[in-house]
Amino acid sequence: MSARRSLVWLGLTPEPEQELPTAVAALRAPADGRPPSALVAAERHRVERLVLRGTQRGWLRYLGEVTDLVVRVATGSTPADPRAALLAGEVVLDHHRMLIGLPGAGYTRTAAQRRDLERALARLKSRAPSAPPKPRSTV
């Protein structure tokens with residue numbers, strides 16, 4: 001095995017880097033509105049540091065924290081914006097599903113998180129108000 005760290009995990013998808021900082025900041029903030037910009041910046045910095053200097057193990061640990069936040073919102077034990085939980089949960093679940101195509105044990109290690117996220121997302125979706133039907137075009 002090479003002494004160099006494996007970077008294959010970085011090629012999965014950019015969505016976690018783009019979507020999670022704001023969503024996770026909203027989950028960590030009080031449920032009374034938008035998260036403070038300082039909290040969003042701190043979360044963005046944490047993700048950036050993990051991506052630029054971290055390892056797959058550290059990245060998966062972070063996504064495990066996000067999974068725990070989503071599950072707590074879905075079960076009602078943490079008051080937070082369910083839309084942020086839904087977004088974060090979908091991003092992490094998609095990421096974890098893509099791990100099947102990478103070498104190593106990442107996919108196996110995230111099996112419990114995938115199960116928990118699927119359950120949490122089902123709860124969150126069942127509580128979400130239905131969107132009004134889109135108007136039909138008459139043209």
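Contact here means heavy atoms within 4.5 Å. With that cut-off, E43, R46, V47, L50 and V51 of α2 meet G58, W59, Y62 and E65 of α3. The model is predicted.

Start with the overall layout. The chain has six helices and zero strands. Along the sequence, the pattern reads α-α-α-α-α-α. Of the 139 residues, 39% count as buried. Take the contacts in the chain with a separation of 6 or more: residues 24 or more positions apart account for 69% of them.

Now return to α2 and α3. Their axes come within 9 Å and cross at roughly 150 degrees. Angles over 145 degrees count as roughly antiparallel, so α2 is roughly antiparallel to α3. The crossing of this pair is left-handed. By class, the residues of the contact of α2 with α3 divide into five nonpolar, one polar and three charged.

Y62 of α3 deserves a look of its own. Leaving aside residues up to four places away in sequence, Y62 touches L20, V24, R28, E43, R46, V47 and L50. Among these partners, E43, R46, V47 and L50 belong to the α2 side of the contact with α3. L20, in turn, is listed with Y62 among the residues with the most contacts inside the largest nonpolar core.

Next comes the pairing of α3 with α4. Helix α3 spans residues 56-75 and helix α4 spans residues 82-98. They pack at an angle of about 140 degrees, with their axes 9 Å apart. The two helices are therefore oblique to each other. α3 passes α4 in a left-handed crossing. On the α3 side, the contact is made by W59, L60, L63, V66, T67, V70 and V73. On the α4 side, P82, A85, A88, G89, V92, H95 and H96 take part. This contact has ten nonpolar, four polar and no charged residues.

Which residues have the most contacts inside the largest nonpolar core? They are L20, L27, Y62, V66, V70 and L124, in a core of 31 residues. At least two residues of this core come from each of α1 (15-28), α2 (37-53), α3, α4 and α6 (111-127). The largest share, nine residues, comes from α3. In soluble globular proteins, nonpolar side chains tend to be buried together.

The picture can be drawn together around α3. This helix meets α2 through residues including Y62. It meets α4 through residues including V66 and V70. Y62, V66 and V70 are among the residues with the most contacts inside the largest nonpolar core.

Key: Residues numbered from 1 in each chain as written. Predicted model: local features only at pLDDT ≥ 70, side-chain atom pairs only at ≥ 80, totals over all residues. Heavy atoms only, no water. Axes fitted to C-alpha atoms, helices over the stretch in contact; angles between N-to-C directions. Helix = DSSP H or I, 4+ residues; strand = E, 2+ residues; numbered from the N terminus. Parallel < 35°, antiparallel > 145°, perpendicular 65-115°, else oblique. Left-handed = near helix turned anticlockwise from the far one by under 90°. Nonpolar A, V, L, I, M, F, W, Y, C, P; charged D, E, K, R; others polar. Core = buried A, V, L, I, M, F, W, Y, C linked by side-chain atoms within 4.5 Å. Buried < 20%, exposed > 50% of the residue type's maximum accessible area, 1.4 Å probe, protein only.
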